[in-house]
Amino acid sequence: MKLTPGAVITEPGSTTRYQTNGWRTFRPAVDSGKCTGCGLCWLYCPDAVISRGKPPGVDYRYCKGCGICANECPAKAITMVPEERG
Amino acid sequence: MVARVMSGNEVVAYGVKLSRAEIVPSYPITPQTTIVEQIAEFIANGEMRAELMRVESEYAAMGACIGASLMGARTFTATSSQGLAFMHELTHWAAGSRLPIVMAVVNRAMAPPWNIWADQQDVLSQRDTGWLSLFCETNQEVLDTCIQAFRISEDREVLLPVMFSLDGFMLSHTSEPVELPKQGDVDGFLPESRRPPLLDVDHPTTLFNVPVPEQYMEFRHWIEKSMDAARRVIPKADREFKRRFGRGYRGMLEPYWLEGAEVALLTAGSVCGTVRDVVESLRKRGEKVGMIKLRSFRPFPSEELRRACEGLRVLGVADRACSFGMGGIIFSDVSAALQPLNVRVLGFIAGLGGRDITHRDIWRMFKRCIRAIEVTPARAIEWFV
């Protein structure tokens, strides 16, 4: 990548090339039986990796495993599973 | 050319107007406040086309300067002492983002204990932020340095912010005759800023990114390289200024009466005027003494200083600030720069918190330096308390 003074990136959207899944130690696992499709996980996800639906989709290329979705889910349909156990 | 009797702060406001700054975000603090009051008056009277932005703190003022400069606007602010310290995180941010912001620093002591008077601790504590840092001796130099600062800062090889200093009250609230150049002549020296905006919805960019360890160091190295470029750009701007307006300041430092000198005193700011007087009296008595006036503190003119000091036996450095546990801040830099030369460097700390540095004090400093030609002094650093 070409470096510019002031570290300015002039190409919009290039951040999608940086997959942040390596940061994750826990992954959100969705229990589709419990999910009510309320959309709170989609609303709260700070990285916009959750797509709305019943059950919701998770883009694991960018999910950092912060666990906010699991914390917010009123139906307790999302649990954080350690990565090493898949 | 028109001459008017003006305080240093009025002069800064005129310099900013003549430089056609487009936005002035600022927060009041003594002894800076009357700069921005005068700018507000210019804008209210329709004499200056700029936006005066009132913000809730100096931290916000520098934040607004960064935003305005990202839009490509010619940006100015002014502060003093605690206000400058409050900006400190963002002064790093402005330099790292390579934004040509110009700031007047009206030098004032740091608290506690509270003190509003002249002292250079405030500006020298910004030493490592990546800003260029210039000092002024007279109100005329304040005006001329303000106009030069915009040109230096916006130079494509530099693109770093510039702060220029005037001693609180000694210059800021003292009136002197100052020649005001014509607007058209200043426009010739300082053309309109043509930087494209970095904040543009049609051409989005990502700013303030996170370079990884394999990349970060390059950005810091570029700042240092731009400081090297500034070593050429500052004297060039000063020469060009002299060609157009008839006044110049010898670039980064001014050697004064160094011909045949064995001893010299180096200092920065308004006290240089007093040192000139003492040099003149001592020369009349046959003492081989001179002065070095430091105009650019960052970049530090190490090469120019070494050239000026060839032939000297002792150089005294009078600091209006202290790096506690080490000594004078300028003294340390001078000692490092002169390391290859066989010149003894003595440090004097004087005039903190607005205490006068009198002719007698300067006389005593020269005496200490003259004695040090023959006798190694017990202490390299002395407080004039």
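**Helix packing in chain B**

In the predicted model, helix H3 (residues 58-70) of chain B packs against helix H4 (residues 81-96) of chain B at an angle of about 25 degrees, and their axes lie 7 Å apart. H3(B) is therefore roughly parallel to H4(B), given that angles under 35 degrees are placed in this class. The crossing formed by H3(B) and H4(B) is right-handed. On the side of H3(B), the contact involves Glu58(B), Tyr59(B), Met62(B), Gly63(B), Cys65(B) and Ile66(B). These residues meet Gly83(B), Phe86(B), Met87(B), Leu90(B), Thr91(B), Trp93(B) and Ala94(B) of H4(B). Classified by residue type, the contact of H3(B) with H4(B) comprises 9 nonpolar, 3 polar and 1 charged residues.

A further packed pair in chain B consists of helix H1 (residues 8-18) and helix H6 (residues 139-154), for which the angle is about 25 degrees and the axes are 8 Å apart. H1(B) and H6(B) are therefore roughly parallel to each other, and their crossing is right-handed. H1(B) contributes Gly8(B), Val11(B), Val12(B), Tyr14(B), Gly15(B), Val16(B) and Leu18(B) to the contact, while H6(B) supplies Asn139(B), Val142(B), Leu143(B), Cys146(B) and Ile147(B). The contact of H1(B) with H6(B) contains 9 nonpolar and 3 polar residues, and no charged residues.

Key. Residues numbered from 1 in each chain as written. Chains lettered and ligands numbered in written order. Predicted model: local features only at pLDDT ≥ 70, side-chain atom pairs only at ≥ 80, totals over all residues. Axes fitted to C-alpha atoms, helices over the stretch in contact; angles between N-to-C directions. Helix = DSSP H or I, 4+ residues; strand = E, 2+ residues; numbered from the N terminus. Parallel < 35°, antiparallel > 145°, perpendicular 65-115°, else oblique. Left-handed = near helix turned anticlockwise from the far one by under 90°. Contact = placed C-beta atoms within 7 Å. Nonpolar A, V, L, I, M, F, W, Y, C, P; charged D, E, K, R; others polar.
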